[in-house]
Amino acid sequence: MTLHLHNFLYFCNMRIEIKSLHELPTIANTILSTFPDERIFLFYGDMGAGKTTFINALCEALDVQDHTSSPTFSIVNEYAATHGPLYHFDFYRLKNETEAFDMGYEEYFYSGNYCFVEWPEKIANLLPSSYVKIKMEVTENQNRFMTVEKK
């Protein structure tokens, strides 16, 4: 794992090279400890970039006891954790932002609980003003790079 971390008073940016799935628990703990007050995490990246796999690592770091999986068909999965519920969204199949309104996204996003959101670009106009953006990329040799920044 290669981690480049730059901390400033209101700005934090990380670029992480992930060479093995075995590194994910350490990376998950690093991100959660770097952003202890943040609850909204937005995941950007192509299909197969590892978004759901990394969200599973974050859930484990947060002591989620349930089996975690992508909420592709249900749009949101709720998991029990020691600190309260955790929400995992997959907006890939949304046709428009109205569908997010209809499902009551605001109640989740502004609940104070962790929200992990895949495909947030589908609801770009509905995103809260404060969140952690995680962009995942796959290199030609199948390594993953993750860019993490506070917005």
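How many disulfides does the structure hold? The count is zero, a disulfide being a pair of cysteine sulfur atoms within 2.5 Å. This is a predicted model, in which local features need pLDDT of at least 70 and side-chain atom pairs count only at pLDDT 80 or more, while totals for chains, interfaces and linings use all residues. Residues are numbered from 1 along each chain as its sequence is written, and side-chain values use heavy atoms, with hydrogens and water left out.

Take the cysteines, then strand 6. Cys 59 counts as buried at 1% relative accessibility, and Cys 115 is buried too, at 0%; buried means under 20% relative accessible area, with a 1.4 Å probe and protein chains only. Cys 115 sits in strand 6 (residues 114–118), where five of five residues are buried. Strands (E, at least two residues) and helices (H or I, at least four) are DSSP runs numbered from the N terminus. Tyr 114, Phe 116 and Glu 118 point one way from strand 6, and Cys 115 and Val 117 the other.

Pairing here takes at least two DSSP bridges. Glu 118 is the bridge partner of Phe 43, and Phe 116 stands opposite His 88.

Now for the helices. Helix 1 (residues 24–34) and helix 2 (residues 51–61) pack at about 70°, their axes 9 Å apart. Axes are lines fitted to C-alpha atoms over the stretch in contact, and angles run from 0 to 180 degrees between N-to-C directions. The two helices are therefore roughly perpendicular, a label for angles of 65 to 115 degrees.

Definitions and conventions:
Buried means under 20% relative accessible area, exposed over 50%, partly exposed in between (1.4 Å probe, protein chains only). Angles under 35 degrees count as roughly parallel, over 145 as roughly antiparallel, 65 to 115 as roughly perpendicular and the rest as oblique.
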